[in-house]
Amino acid sequence: MKNTIKNVLFLLAITLAGTVAAQTTPQIINIEGRKTISLDGIWRTIVDPFENGYYDYRRQPIKNGYGADKDIVDKSVLQEYNFSTDRTLSVPGDWNTQRPELYYYEGTVWYRNRFQYEVKDNKRVFLYFGAVNYEAIVFVNGKEIGQHVGGFTPFNFEVTGLLKTGENSLVVKVDNKRMLDAVPTLNFDWWNYGGITRQVKLVETPATFVRDYYVQLKKNDKSIINGWIQLDGDQLNKAVRIEIPELKISQQFTPNAKGYVAFELKAKPTLWTPENPKLYGINISVDDEAVTDEIGFRTIETKGTQVLLNGKPVFLRGICIHEEAPFRNGRAYSKEEDITLLQWAKEMGCNFVRLAHYPHNEQMIRQAERMGILVWSEIPVYWTIQWGNQETYKNAEAQLTDMITRDKNRSNIIIWSIANETPHGAERLDFLSRLAAKTRELDPGRLVGAAMEKVELKPGVMTVNDDLSKVMDVLSFNEYVGWYDGLPEKCDRVNWTFTDSKPIIITEFGGEALYGLQGGKTDRFTEDYQEDLYIRSVNMFKRIPGLAGTTPWILKDFRSPRRQLRDMQDDFNRKGVISDKGEKKRAFYVMKKWYDELKKQYK
Ligand code: GCB
């Protein structure tokens with residue numbers, strides 16, 4: 001009884017604090033460093049192309065839709081769905097590669113998980129999703145608790161007071177329909193994998209807990225660790241402690257009335273570098289409940305055409321990667337898959353990856369950080385989205401904010417990318433300038449980039465002529481000389497000139513090849529063509545003044561419905577330097593040779 005009263009008071013307190021679930025709650029970062037219960041596994045599903053479980057025949061939302069998760073107990077009652085007898089899908093995972101009939105499917109699939117839970121006194125509980133593509137509507141024990149839009153970023157809802165001891169029902173309506181006003185929009189060159197593509201967890205926290213924090217070196221100062229901590233709960237002025245045992249740091253701070261405290265700590269950490277990716281264990285605690293993390297310290301800046309890592313010029317020996325599993329070609333989500341992809345990049349001599357074209361899962365970035373790989377992280381503002389639509393802008397800004405919120409403590413991320421190959425125009429410039437400003441407001445410590453496009457000023461003279469470059473820290477662009485623009489020999493005839501004095505990063509180049517296909521050097525889709533193109537591209541790069549990095553397109557062949565040439569593409573973009581089955585093409589070794597040379601030059 002005493003406990004029940006305590007619990008009611010506790011619930012009342014957090015209700016008054018305005019934190020009981022209704023919408024997504026502010027992102028809780030570093031889920032791995034907290035107490036969690038996994039809800040991954042085999043979920044029941046209903047494929048619902050007409051959204052029958054959400055709308056009635058007048059297209060009005062229905063009260064007792066599939067979210068109610070009712071069992072059929074009384075056979076005289078008409079009920080036209082039953083999760084318990086329907087088919088299953090694995091979570092995490094895309095649906096397209098789990099069931100053949102869902103290969104091209106775009107629309108709604110309902111997911112249901114019934115799980116056991118024990119309500120604990122004085123604990124708050126949140127429901128966390130790593131990512132759901134594209135729209136999620138979430139129901140807990142029959143009640144709609146909120147929605148989320150955007151396929152590659154995490155979100156959470158507070159479910160304190162909504163869960164009960166015993167069996168609970170969780171239903172998610174997942175919809176991956178492409179839409180004109182969405183981010184990305186209707187048209188993109190990758191597979192629109194639908195589903196609950198990343199982990200689902202319950203996160204248990206004390207009444208007042210550390211929700212978010214930023215701990216990094218002060219911009220361009222190697223002797224000060226600065227940052228802030230944000231508490232969540234009903235006692236926001238509780239003391240917080242930050243400990244970095246290896247640096248002998250243990251300090252306590254008192255947050256302000258909003259639960260926020262900013263700090264500066266004197267320290268001389270060993271700097272994180274690709275060669276020595278040193279990470280420090282760190283604990284941030286309120287009372288005796290600590291969040292644990294591993295954080296590296298480094299500086300990043302530009303000087304003229306150079307990128308300086310810890311004050312020293314670095315050449316970004318990169319490769320682009322899509323979040324596709326190395327051998328089975330669905331959405332990648334496991335640590336093992338991420339490690340394989342990153343090991344391939346390392347084997348090629350990379351110290352940098354461009355994680356295209358959307359935020360990859362958190363593990364991928366953490367794993368890259370442990371392996372000493374720098375990261376370019378991107379949001380899916382891709383090709384031609386609705387630049388004049390304020391809702392579209394808000395959507396893009398929310399995805400940017402969620403990405404930065406999640407990954408701002410990763411020392412290996414050096415560039416936030418806000419767009420890929422977007423068409424020039426006033427509305428687009430305004431949209432992207434606002435996004436760039438937002439990026440700097442959220443994280444003043446990193447560089448801002450976008451994959452722009454090249455132009456041919458006059459025959460054989462190339463440049464980037466884009467007003468967007470004025471608001472970028474790096475001059476990054478895609479060029480496909482020798483594939484979309486002429487034959488490989490064109491690379492020999494091209495010279496590059498730039499007016500901006502900024503580091504140049506070639507964010508894409510390359511061409512398609514079917515692994516093992518032989519032919520003449522101008523026969524498209526042969527390895528001979530691709531290899532020759534890479535050799536000539538590298539020679540061309542050696543003539544580019546101010547070149548600071550390259551990320552060829554792409555590490556591995558990936559699925560795209562735009563790639564329809566039978567017996568060559570078969571729904572794969574074949575620009576990988578590795579095939580969809582993990583076989584290395586000859587172009588892989590061209591890059592490796594060059595990157596090995598560069599490694600020596602930049603020692
Ligand atoms: C690009 C896009 C990339 C495509 C690639 C291609 O410029 O940025 O998403 O997949 O070209 O293969 O055409």
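Trainee: Leaving aside its neighbours within four places in sequence, which residues is Gly194 in contact with?
Mentor: Keep in mind that this is a predicted model. Gly194 is in contact with Gly93, Asp94, Trp95, Asn96, Asn133 and Asn176, once neighbours within four places in sequence are set aside.

Trainee: Where does Gly194 lie, and is it buried or exposed?
Mentor: You'll find Gly194 in the loop between strand S9 (166–175) and strand S10 (200–206). Gly194 is buried, because its relative accessible area is 0% and anything under 20% counts as buried.

Trainee: Let's zoom out. How many helices and strands does the chain have?
Mentor: There are 8 helices and 34 strands. The radius of gyration is 25 Å, close to the 25 Å that the globule rule gives for 603 residues, so the chain is as compact as a globular protein of that length. Along its principal axes, the C-alpha trace spans about 80 × 65 × 45 Å.

Trainee: What share of the residues count as buried?
Mentor: That's 60% of the 603 residues. The chain still exposes about 23,800 Å², and carbon and sulfur atoms supply 51% of that area.

Trainee: And of contacts between residues at least 6 apart in sequence, what share join residues at least 24 apart?
Mentor: In this chain, 72% of them do.

Trainee: OK, the ligand. Which residues come nearest to it?
Mentor: Of the 14 residues around the ligand, the nearest are Asp189, Tyr382, Glu421, Tyr484 and Lys575. The shell divides into 5 nonpolar, 4 polar and 5 charged residues.

Trainee: How many Å is a polar side-chain atom of Glu421 from an oxygen atom of the ligand?
Mentor: That one is 2.3 Å. For Tyr484, an N or O atom of the side chain is 2.4 Å from a ligand oxygen, and for Tyr382 the figure is 2.6 Å. Taken alone the ligand exposes 320 Å², and the protein buries 97% of that.

Trainee: Switching to helices: how many residues of H3 are buried?
Mentor: 9 of the 10 residues of helix H3 (residues 362–371) are buried, so H3 is largely enclosed by the rest of the structure. Among the buried ones are Glu362, Arg366 and Glu369.

Trainee: What happens at the start of H3, and what follows it?
Mentor: At the start, a side-chain oxygen of Asn361 reaches to within 3.0 Å of the backbone nitrogen of Gln363. After H3 comes Gly372, with a positive phi near 80 degrees.

Trainee: Which helix is Tyr534 found in?
Mentor: Tyr534 is in helix H7 (residues 527–541), and it counts as buried at 0% relative accessibility. Not counting residues up to four places away in sequence, Tyr534 touches several residues, including Phe509, Trp553, Lys575 and Met591.

Trainee: Last one: which strand holds Thr550?
Mentor: Thr550 sits in strand S32 (residues 547–550), and at 0% relative accessibility Thr550 is buried too. Leaving aside neighbours within four places in sequence, its contacts include Phe315, Gly318, Phe509, Met591 and Trp594. Phe509 and Met591 are also touched by Tyr534.

Technical notes: Residues numbered from 1 in each chain as written. Predicted model: local features only at pLDDT ≥ 70, side-chain atom pairs only at ≥ 80, totals over all residues. Heavy atoms only, no water. Near = heavy atom within 4 Å. Polar contact = N/O pair within 3.5 Å; in protein donor to acceptor, adjacent residues only side chain to side chain. Areas by Shrake-Rupley, 256 points an atom, 1.4 Å probe, with all protein chains shown as cover. Nonpolar A, V, L, I, M, F, W, Y, C, P; charged D, E, K, R; others polar. Helix = DSSP H or I, 4+ residues; strand = E, 2+ residues; numbered from the N terminus. Rg over C-alpha atoms; globule rule 2.2 N^0.38 Å. Buried < 20%, exposed > 50% of the residue type's maximum accessible area, 1.4 Å probe, protein only. Contact = heavy atoms within 4.5 Å.
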